[in-house]
Amino acid sequence: MEAPAHAVPLPQAFADGVFPSGCPSRTLLDHITSKWGVLILLSLSEGEQRWSDLRRRAEGISEKMLAQTLKTLERDGLVSRKAQAVIPPRVDYSLTDRGYELSTLLVPLVAWAFENADEIINGK
């Protein structure tokens with residue numbers, strides 16, 4: 001079967017490795033492409049933010065989901081958490097270098113989704 005003219009060839013380095021069920025990239029993709037993961041990464045791409053800023057920005061996220069998402073992204077090395085010994089306690093979150101690298105790739109994806117969502121979802 002011949003590929004259509006608009007087909008995008010996958011780099012051979014991962015073309016055969018990304019599809020098997022045991023590929024670690026699947027776990028990472030699950031973390032970074034979840035609705036909340038994407039929104040938190042995009043928000044932090046604008047700079048360091050506090051918990052309350054992130055909660056306000058990502059409307060609809062529960063405290064539990066925000067905590068879980070931040071812990072996951074921190075464990076993945078994408079988000080940095082800085083607790084300050086002040087009263088009341090203050091915790092600031094920011095992207096690591098790898099997190100910034102990822103956010104530059106997510107911005108075009110989210111821009112595409114934003115620009116096309118109405119037409120796709122509502123058939124307009």
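I take buried to mean under 20% relative accessible area, exposed over 50%, and partly exposed in between (1.4 Å probe, protein chains only). Helices (H or I, at least four residues) and strands (E, at least two) are DSSP runs, numbered from the N terminus.

**Entry 1: the model.** I am working with a predicted model, in which local features need pLDDT of at least 70 and side-chain atom pairs count only at pLDDT 80 or more, while totals for chains, interfaces and linings use all residues. Residues are numbered from 1 along each chain as its sequence is written, and side-chain values use heavy atoms, with hydrogens and water left out.

**Entry 2: helix α6.** I looked up α6, residues 97-122. Its buried residues include G99, L102, S103 and L106. I noted the general rule that an α-helix has 3.6 residues a turn, so residues three or four places apart point the same way. The cover over the buried residues of α6 includes α2 (24-32), α3 and β3 (90-95), where contact is heavy atoms within 4.5 Å. From first C-alpha to last, the 26 residues of α6 reach 37 Å, close to the expected 38 Å; the expected span is 1.5 Å times one less than the number of residues. I found a bend of about 55° at N116, taken as the angle between axes fitted to the seven residues ending there and the seven starting there. Just after α6, G123 has a positive phi of about 65°.

**Entry 3: helix α3.** I then checked α3, residues 35-44, where eight of the 10 residues are buried, so the helix is largely enclosed by the rest of the structure. Among the buried ones are W36, I40 and L44.

**Entry 4: salt bridges.** How many salt bridges does a search of the whole structure find? I count five, each a side-chain nitrogen of Lys or Arg within 4 Å of a carboxyl oxygen of Asp or Glu. One of them joins K82 and E48 at 3.3 Å, N to O. K82 is in strand β2 (residues 79-84) and E48 in the loop between α3 and β1 (49-50), so this pair ties together parts 34 residues apart in sequence. K82 is partly exposed at 41% relative accessibility, and E48 is partly exposed at 42%. I also recorded D92 with R90, at 3.1 Å, N to O. Is D92 buried or exposed? D92 is buried, at 2%, whereas R90 is partly exposed, at 29%.

**Entry 5: R75.** Last, I looked at R75 in helix α5 (residues 63-75). R75 counts as exposed, at 61% relative accessibility. Its C-alpha is 18 Å from that of L54, 21 residues away along the chain.
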